[in-house]
Amino acid sequence: MADARLFFRKYSEIYTVFLPLFGVFLVIYTVLITFSSRPPYIQPGLPTDDSDTLLYLHHSLVSIPSVTTNEHAAAQFLQTYLTSKGWVVEIQPVSSNPVRENVYAYRGLKRNNRVLFSSHIDTVPPFIQYSVHDGYIWGRGSVDAKASVAAQITAAQDLLSSSVVASEGDISLLFVVGEETDGIGMITANELGLSWETVIFGEPTELKLAVGHKGLILGDLYATGKASHSGYPDLGINANYYLVEALYKLQNLDYPYSDLLGNTTFNAGTLEGGVAANVIPASATASVAVRVSVDLEGVLSQMQRAALGVPHLDINITLSYPPVLCDYDVPGFDTVAVAYGTDIPHLEGSHKRYLYGPGSILFAHADNERISEKELRDSVEGYKKLAGAALGNKHDMASDRKELVRQE
């Protein structure tokens, strides 16, 4: 009996020591498994060599949160980087609270240049961390439009280093804020007092030249009613009913069609009305967007007439611009018509307008925004080809096509 007690006392002591150690091991093992299964995140850093410049720029930009109105850090990064590479950088204030600025860069003493590369540094929310997995680069802005920013800078520097373009007076860069909302960055850029022969706008076009994009109408609907108890609806005026009636009419208008840009489309984006199910709503609002393929003024008139036909309702147009036609006369590119809006109509001038860039709009703004490294690299060659054609250089056709074939 004594031997049995001794046996159990001995092994209970071992168990008492072993159990905590086993618990610590289990925690460490769980942490290692958890973090090893996550997509890798790489802190921004200097490229290991010149061939990494594109990925370094893309990686660094995507890693910096720059949701619209919060673009300051991204602008500072571009200012520091471009200055270190010999660009003359001008920071153009857009607002002071919050601090927002455009970045304009050129070489030498000539502010006016023949060709401008331009894109935007703001993104839609929410911020999504940079990662690389499943053969793609993921993160907010990885497509729209930090891919274009990184590729345009790389293309410009490649052209300068190869002496294809002049050291100054040929190419400049403009990266703006606010494209995702009101276009305030590009609107402010007009105050730079500059002009160009050609502007190459960077947006996701799947490496195709856009023939143009639809115009846009943004508006708010306001229905005004009278509150009352829901058991006595005849004593009130239901604002929701009139809002719904107006939305139905707007949705079912005979909107115009364009052979080039397709259908004009209507979307009711947000709706709000009422305070409770047992209260007749005294007010109701909705925000709407119309992507206009042709005849902006005609569509505006259609909408106004439809709204006037609904009692207790007002419509306020907050933004509108007509369809945008782009140049697509450079050989070697497929073409596409896009339905999204850009900063193109906000930049004044008689310049030629090209719309081109890596990535698909179908991934932009989504929680699975992603792009392949190959498409990023191919876009650099595309931007070089467009700039070369704009400057009248002979190199841009055959040599760049050979380069694309070699990479494939």
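Me: How many helices and strands are there in the protein chain?

Reply: Helices (H or I, at least four residues) and strands (E, at least two) are DSSP runs, numbered from the N terminus. The protein chain has nine helices and 20 strands. This is a predicted model, in which local features need pLDDT of at least 70 and side-chain atom pairs count only at pLDDT 80 or more, while totals for chains, interfaces and linings use all residues. Residues are numbered from 1 along each chain as its sequence is written, and side-chain values use heavy atoms, with hydrogens and water left out.

Me: What percentage of the residues in the protein chain is buried?

Reply: Buried means under 20% relative accessible area, exposed over 50%, and partly exposed in between (1.4 Å probe, protein chains only). Of the 408 residues in the protein chain, 46% are buried. As for contacts (heavy atoms within 4.5 Å), those with a separation of 6 or more come to 76% from residues 24 or more positions apart.

Me: In what order do the strands of the six-stranded open sheet stand?

Reply: Strands of a sheet pair through backbone hydrogen bonds, either parallel or antiparallel. Two strands are taken as paired if DSSP finds at least two bridges between them. Here the order is E1-E2-E6-E3-E7-E19, with mixed pairing. Strand E1 (88–96) and strand E19 (352–356) are at the edges with a single partner strand each, so one side of each has no neighbour in the sheet. Neighbouring strands of this sheet are turned by 20° against each other on average, direction ignored; axes are lines fitted to C-alpha atoms, for helices over the stretch in contact, and angles run from 0 to 180 degrees between N-to-C directions.

Me: In which sense do E3 and E7 pair, parallel or antiparallel?

Reply: Strand E3 (residues 115–120) and strand E7 (residues 198–202) are parallel, with four bridges between them. Phe-117 has Ile-200 in E7 as its bridge partner. Helix H8 (residues 373–391) lies across E3, strand E6 (171–176), E7 and E19, and runs at about 170° to E19.

Me: What is the order of the strands in the open sheet of three?

Reply: The order is E4-E5-E20, and the pairing is antiparallel. Strand E4 (131–133) and E20 form the edges, each with a single partner strand, so one side of each lacks a neighbour in the sheet. E5 and E20 are joined by two bridges, and Trp-138 has Arg-370 in E20 as its bridge partner. Tyr-136 also lies in strand E5. With 33% relative accessibility, Tyr-136 counts as partly exposed.

Me: How many of the residues of helix H2 are buried?

Reply: In helix H2 (residues 53–63), 10 of the 11 residues are buried, so the helix is largely enclosed by the rest of the structure. Among the buried residues are Leu-54, Tyr-56 and His-58. Their cover includes helix H3 (72–84), strand E5 (136–138), helix H4 (146–161), strand E20 (370–371) and H8.

Me: Which residues lie nearest the centre of the largest pocket?

Reply: Rolling a probe the size of a water molecule over the atoms shows where empty space is left. On a 1 Å grid over the protein atoms alone, a cavity is a set of points where a 1.4 Å probe fits but cannot get out, and a pocket is an open set with protein on both sides within 12 Å along at least five of seven lines; lining residues have an atom within 4 Å of a point. Of the 24 residues that line the largest pocket, Glu-180, Leu-216, Arg-291, Gly-341 and His-365 lie nearest its centre. Strand E9 (215–224), strand E15 (283–292) and strand E16 (313–321) each supply at least two residues of this lining.

Me: Which element gives the largest share of the lining of the largest cavity?

Reply: That share, three residues, comes from E3. E3 and E7 each supply at least two residues of the lining, which includes Ser-118, His-120 and Phe-201.
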